[in-house]
Amino acid sequence: MLRHKQMDEAFLRRLFPRLRVWFEWFNVTQAGPVPLSYRWRGRNETTNMELNPKTLTSGLDDYPRSSHPTDSERHVDLRCWIALASGIMSQIATVVGEPADSYASLHAKLKDTDGLNKLHWSKKHKSYCDYGLHADKVKLIRVTEMAPAQSGMKRRATISKKIRKVVVQPSEKFVPVFGYINLFPLLLQLLEPSSPELGVLLQNLNKTKLLWTRFGLRSVAKTDHYYNADNTEHDRPYWRGPIWININYLCTRALHHYGNTPGPHQQRAKELYTSLRKNLIDNIYQQYRWTGYIWEQYDDTTGQGKGTRPFTGWSALVLLLMGELY
């Protein structure tokens, strides 16, 4: 609505009080340990049953974050979402005649590349990263223990289960997992077209050992410890390899933007855009022809549809990809 200037001001005026409360809730309750940082709440810091405690509030469920949840975590995707949201709130506030300065100011601060790099750019890994208490080596091991004694029973039963073993003790650092999270400054178009960091992300984007496949971008790099790793003995990998269309749409949209914006990375972005868009459309269409369904996610090695079907939620974004509607 805002982008095409076809704004129903009466509708936005009714909506604005709810949007304001919603935005402020996120901005206040999910604030991080240092200014202009953010942390998803709700991770279980006491469990030893998960390889990497889930971050359900992020929507990316089992995507690997710091191995040991603490209040010191900084989540790069959440900072990027707040940056985007504050910009939108500033636009809506201007349209409906409400004060917009605080939203515009926050948006400018969160979009500032120097500030973003200070909190989330790892020179060692040449990537935007989460930050927190992290152990590089953890694994699930099977243990057997005695069940609690019960009255009337002469023998106690044994219980076999998998628990997490920390091989190397954690330390505060950038989380070296490479996947969707690392791309968020690119996905939400927060980087300047001349940004050196944008160039690094684009150079890594089509490396097949990382995220690139002929079906779309996988969610975690093939070289990573967490790639296709179970989170518990009953919890199969979800955001640890499969191809998700919502994130791939955001990436294609961003590549279209940078490919049509003058800058040193314009040609690279154009080439990646053409290839990624074709890969996604071809595979989703082929899977639809074979199965009759649009799927929740797609296998990164075979392209086969996985998860829930029919899934005409965000996987239906393929129609916008076909129409180049961004």
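In the predicted model, the side chains of Glu233 and Arg142 meet in a salt bridge (3.0 Å, N to O), a salt bridge being a side-chain nitrogen of Lys or Arg within 4 Å of a carboxyl oxygen of Asp or Glu. Glu233 lies in the loop between strand E8 (216-217) and helix H7 (245-259), and Arg142 in strand E4 (residues 138-146), so the pair ties together parts that are 91 residues apart in sequence. Helices (H or I, at least four residues) and strands (E, at least two) are DSSP runs, numbered from the N terminus. Glu233 is partly exposed, at a relative accessible area of 29%, and Arg142 is partly exposed at 47%; buried means under 20% relative accessible area, exposed over 50%, and partly exposed in between (1.4 Å probe, protein chains only).

The model is a predicted one, in which local features need pLDDT of at least 70 and side-chain atom pairs count only at pLDDT 80 or more, while totals for chains, interfaces and linings use all residues. Residues are numbered from 1 along each chain as its sequence is written, and side-chain values use heavy atoms, with hydrogens and water left out.

The structure holds 17 salt bridges. One of them joins the side chains of Asp77 and Arg65 (2.8 Å, N to O). Asp77 belongs to helix H2 (residues 76-96), and Arg65 to the loop between helix H1 (9-29) and H2, twelve residues apart. Both Asp77 and Arg65 are buried. A further salt bridge is formed by the side chains of Asp230 and Arg236 (2.4 Å, N to O); Asp230 is partly exposed at 27% relative accessibility, whereas Arg236 is exposed, with a relative accessible area of 56%. Glu50, Lys54 and Asp235 are linked in a network of salt bridges.
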